[in-house]
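Work through the exercises below with the sequence and the model open. Each task is followed by a solution in steps.

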Amino acid sequence: RATEFKLIDVPEMNYFTTDNPPRGEVCTRGPSVFRGYYLDEANTKETVDEEGWNHSGDVGVILPNGALKIVDRKKNIYKLSQGEYIAPEKVENIYLRCPYVAECFIYGDSLRDYNVAVIHPNLDVLQGVAQKLGIKDVSPDSLTKNSQIEEFVLKEMTEHGKKEGLFGFELAKKVKLWPVSFGTLGVFTSTMKLQRHIAKAAFKAQIE
């Protein structure tokens, strides 16, 4: 017996081994499996539990034919198609310091070589910008659908991100503006932490 694997529940992302088909974090154990970091007990304990199970951070589903398919990441890190890893919370926190951004959701996946962003803008500041640009309708719905405003926000975000030290592959290359707080969609926890799997589903159309 070379390797054992099992799935464990990830309740914060609504993945359960009791689902049909079973879903959960992939854990492996065996003589060929990673056992720990050299002289780094703290990080080892975060990855390998007391029973020797290595917690991969990958979320998998067991298909009807018995195969294991990876469908998500438990940790908030993803890889773009060119192989670069993105920590979206880091990027979001930088963009949130841009005066035109009130709320931010960064998304990317291994099928594309760039990130996209859904932004709830700082409407008070943006309405002033719109008036200077000669835009008459500054209602939230109209403003967030205006391509000129969208381009302006992306330009400001890009300049801000570069000043804050983001690499080119970390920057959002496309943006969609959202007229109301993300909170109306139920994407925040009680401590206002963004639940990425819920945001991904809520903004599916904008992402596409």
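**Exercise 1. Aromatic cluster**

Task: In this predicted model, find which residues form one aromatic cluster, then classify the ring pair of phenylalanine 105 and tyrosine 107.

Solution: 
- The cluster is made up of Phe105, Tyr107, Trp178, Phe182 and Phe203.
- Searching the whole structure gives seven aromatic pairs.
- For phenylalanine 105 and tyrosine 107, the ring centres are 6.4 Å apart and the planes meet at 40°.
- Pairing requires centres within 6.5 Å, and planes under 30 degrees apart would be stacked, over 60 edge-to-face. The pair is therefore tilted.
- Phenylalanine 105 has a relative accessible area of 2% and is buried; tyrosine 107, at 16%, is buried too.

**Exercise 2. Cysteines**

Solution: 
- A disulfide needs two cysteine sulfur atoms within 2.5 Å.
- From the sulfur of cysteine 98, the closest cysteine sulfur is that of cysteine 104, at 9.6 Å, which is too far for a bond.
- Starting from cysteine 104, the closest cysteine sulfur is in cysteine 98, again at 9.6 Å.
- The count for the structure is zero disulfides.
- Both side chains can also be placed by accessibility: cysteine 98 is buried at 2%, and cysteine 104 is buried at 7%.

**Exercise 3. A hairpin**

Task: Describe how strands β3 and β4 pair and what lies in the turn between them.

Solution: 
- β3 covers residues 54-62 and β4 covers residues 68-73.
- Their pairing is antiparallel, over five bridges.
- Valine 61 is placed opposite lysine 69 of β4.
- Five residues separate the two strands of this hairpin, and glycine 66 in the turn has a positive phi of about 90°.

**Exercise 4. Nonpolar cores**

Task: In the largest nonpolar core, find which residues touch the most other members and which element gives the largest share.

Solution: 
- The core has 30 residues, of which Tyr95, Ile106, Ile119, Ile149 and Met157 touch the most other members.
- At least two core residues come from each of α2 (88-95), β7 (101-107), β8 (115-121), α3 (123-132), α5 (147-163) and β9 (172-177).
- α5 gives the largest share, five residues.
- A separate core of twelve residues includes Phe105, Tyr107, Val187 and Ala199.
- Leaving out residues up to four places away in sequence, the contacts of tyrosine 95 include Cys104, Ile106, Met157 and His160.

Definitions and conventions:
Residues are numbered from 1 along each chain as its sequence is written. This is a predicted model: local features need pLDDT of at least 70, side-chain atom pairs count only at pLDDT 80 or more; totals for chains, interfaces and linings use all residues. Side-chain values use heavy atoms; hydrogens and water are left out. Rings of Phe, Tyr and Trp (its six-membered ring) pair if their centres lie within 6.5 Å; planes under 30 degrees apart count as stacked, over 60 as edge-to-face and the rest as tilted. Buried means under 20% relative accessible area, exposed over 50%, partly exposed in between (1.4 Å probe, protein chains only). Two strands pair if DSSP finds at least two bridges between them. Helices (H or I, at least four residues) and strands (E, at least two) are DSSP runs, numbered from the N terminus. A nonpolar core is a set of buried Ala, Val, Leu, Ile, Met, Phe, Trp, Tyr and Cys residues joined through side-chain atoms within 4.5 Å. Contact means heavy atoms within 4.5 Å.
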